[in-house]
Amino acid sequence: MAALTGEMSWFCCGSSWGPCGTAGHGACGTCNSGNRQHAWPNTSDACYAITRPDSCGISGMSRRGCGFQHTTTNRCNGKSVTTSIADCGPQTDLFCGERACCGGVCGTNRVIDLTPAAYSLIASLSSGLQPCTITA
């Protein structure tokens with residue numbers, strides 16, 4: 001997979017942790033807010049049919065299943081975290097054209113949701129959205 005640039009956000013799943021209450025364990029059944037995990041928009045045909053990143057002009061997003069690891073780099077500070085797929089998401093098509101910037105660096109369209117434990121290693125949870133680059 002070529003590097004993918006866009007926005008990263010965070011979401012809650014599994015056991016309560018930090019700002020999260022107890023939630024479901026995601027499409028893979030293993031998601032927990034306290035783990036280094038993420039949601040990916042193309043984990044299956046069913047997931048892709050919901051998230052529709054192609055509706056935002058994102059083409060060629062690799063199909064990756066539960067447990068596959070990606071490295072997400074915060075383009076604002078250069079910090080990176082490696083996480084494994086534990087859920088389907090974000091629902092990219094609901095956020096087409098959404099833009100997060102820091103200084104002159106921007107990312108457009110939500111392409112990955114990190115658990116709070118993972119997101120907090122590379123950005124403040126209070127930031128909500130950050131521009132990022134994702135590599136396999």
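Colleague: Why does Ala-86 count as buried?

Modeller: Buried means under 20% relative accessible area, with exposed over 50% and partly exposed in between (1.4 Å probe, protein chains only). Ala-86 has 0% relative accessibility, and therefore it counts as buried. Please keep in mind that this is a predicted model, where local features need pLDDT of at least 70 and side-chain atom pairs count only at pLDDT 80 or more, while totals for chains, interfaces and linings use all residues. Residues are numbered from 1 along each chain as its sequence is written, and side-chain values use heavy atoms, leaving out hydrogens and water.

Colleague: Which residues does Ala-86 touch, and in which strand does Ala-86 lie?

Modeller: Ala-86 lies in strand 4, a strand being a DSSP run of E with at least two residues, while a helix is a run of H or I with at least four, both numbered from the N terminus. Contact means heavy atoms within 4.5 Å, and leaving aside residues up to four places away in sequence, the partners of Ala-86 include His-25, Gly-26, Cys-28, Gln-37 and His-38. Ser-9 sits 77 residues from Ala-86 along the chain, with 15 Å between their C-alpha atoms.

Colleague: What makes strand 3 and strand 4 a pair?

Modeller: Two strands pair if DSSP finds at least two bridges between them. Strand 3 and strand 4 (residues 80-88) have 5 bridges, in the antiparallel sense. Across that pairing, His-70 faces Thr-83 of strand 4.

Colleague: In what order do the strands close into a barrel?

Modeller: The order is 1-7-2-4-3-8, with 6 strands and mixed pairing. From one strand to the next, the twist averages 45°. Glu-7 stands opposite Pro-131 in strand 8, and Ser-9 has Asp-113 of strand 7 as its bridge partner.

Colleague: What makes strand 1 mostly covered?

Modeller: Of its 7 residues, 5 are buried.

Colleague: How do you know that Leu-114 and Thr-115 are buried?

Modeller: Leu-114 has a relative accessible area of 0%, so it is buried, and Thr-115 is buried because its value is 0%. Leu-114 is found in strand 7, while Thr-115 lies in the loop between strand 7 (110-114) and helix 2 (116-122). Leu-114 touches, among others, Met-8, Trp-10, Thr-72, Val-81 and Tyr-119. Among the contacts of Thr-115 are Phe-11, Cys-13, Asn-35 and Arg-36.

Colleague: What makes Arg-110 a charge over the ring of Phe-95?

Modeller: The rule wants NZ of Lys or CZ of Arg within 6 Å of the ring centre and within 35 degrees of the ring normal. Arg-110 lies over the face of Phe-95, at 3.6 Å from the ring centre.

Definitions and conventions
Axes fitted to C-alpha atoms, helices over the stretch in contact; angles between N-to-C directions.
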